[in-house]
Amino acid sequence: MAEFNELYRRATYYDIVFNRDVSSEIDFIIALYQQYNAGKSPHSLLDLACGPGYHARDFARRGLRAIGLDLREEMLALATEAASREQITVEWVAADMRHLQLAEPVDVAINVFDGIDCLLTNDDLIAHMNAIAENLTPGGLYIIDVTHPRFTTLSYYMPFQYSGSRDGVTVEIMWKGEAVQINPLTGVAHTELEMRVNENGHTQQFTDVAQERLLSAQEIDLLARCCGKLTPVDWYGAYDVNQPFDNSPAATRMIAVLQKL
């Protein structure tokens, strides 16, 4: 997701809406690694733009090395508290994903739920891909997950709405598709969202704006090749090894699989 600072600093409200079981997504990620590494299983994972660290925490529950990286202190504080409550070990890192340096490389890096769209320029994206390649083991995978382009293109941005409730608090988050302005040259969209919170009968409303890069499959492919250290090896339309990236209704995501060779 783009840098929606008003949303992200309210990490608890974000978690009420987006907290979910991601175990099937981790199963998919492990299966991909095994597919491209002769059946070998991954032992370490880097969850980029991790927010509350749903994927890092699931990986850690399996007894494997997990790292969650994010810029927002509020998100990392929530993730740390959740991991402590679950009695699991995750390494939480506050860092810029264009310039990261891990103590040891990882087998898999993931950037899910449009987390890469905050990198607005080709220079930012190439620097990021170089950093990821430097922090992957040989044969390691970098998996990028963004919204399917039929929902967000240079000429159309679908309105999105999410909601959740917990402990007397109801939160709604709405992306205002009609307010989006998209630069056709840069592929950067000026987006706006509205968050409504009803907390034990008290209502609050916030608006937030951000810039986000709308990437096509061919742009990801070319940027990886410009990096020169990552090779695009496959594409999927969902967290399902049997679902290709196509225009069928079941394809709701654009998942790129890049490998360090």
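Modeller: The account below begins with the aromatic residues and then turns to the cores and the strands.

The model is a predicted one, in which local features need pLDDT of at least 70, side-chain atom pairs count only at pLDDT 80 or more, and totals for chains, interfaces and linings use all residues. Residues are numbered from 1 along each chain as its sequence is written, and side-chain values use heavy atoms, with hydrogens and water left out.

A search of the whole structure finds eleven aromatic pairs. Rings of Phe, Tyr and Trp (its six-membered ring) pair if their centres lie within 6.5 Å; planes under 30 degrees apart count as stacked, over 60 as edge-to-face and the rest as tilted. Phe18 and Phe113 are edge-to-face, because their ring centres are 5.3 Å apart and their planes stand at 65 degrees. This pair links distant parts of the chain, 95 residues apart: Phe18 belongs to helix H2 (residues 11–18), and Phe113 to the loop between strand E4 (106–111) and helix H6 (122–134). Helices (H or I, at least four residues) and strands (E, at least two) are DSSP runs, numbered from the N terminus. Both rings belong to one aromatic cluster, formed by Phe4, Tyr8, Tyr14, Phe18, Phe113, Tyr162 and Trp175.

Phe18 is buried, with a relative accessibility of 4%, and Phe113 is buried at 16%. Buried means under 20% relative accessible area, exposed over 50%, and partly exposed in between (1.4 Å probe, protein chains only). The backbone of Phe113 has a positive phi, near 55 degrees, in a residue other than glycine. Asp114 likewise has a positive phi, near 65 degrees; this residue is in the loop between E4 and H6 and counts as buried at 14% relative accessibility.

Arg20 lies over the face of Phe113, at 5.4 Å from the ring centre. A charge sits over a ring if NZ of Lys or CZ of Arg is within 6 Å of the ring centre and within 35 degrees of the ring normal. Arg10 lies over the face of Phe206, at 3.5 Å from the ring centre.

Phe18 is also in contact with Ile173 (heavy atoms within 4.5 Å). Among the other contacts of Ile173, leaving aside neighbours within four places in sequence, are Leu7, Val17, Phe160, Tyr162, Leu193 and Met195. Ile173 and Val171 touch the most other members of the largest nonpolar core, which has 56 residues. Such a core is a set of buried Ala, Val, Leu, Ile, Met, Phe, Trp, Tyr and Cys residues joined through side-chain atoms within 4.5 Å. Apart from this core lies another, of 33 residues, among them Val93, Leu102, Met129 and Ala133.

Two strands pair if DSSP finds at least two bridges between them.

Glu199 has His202 as its bridge partner in E10. E9 and E10 form a hairpin with two residues between them, and Asn200 in the turn has a positive phi of about 55 degrees.
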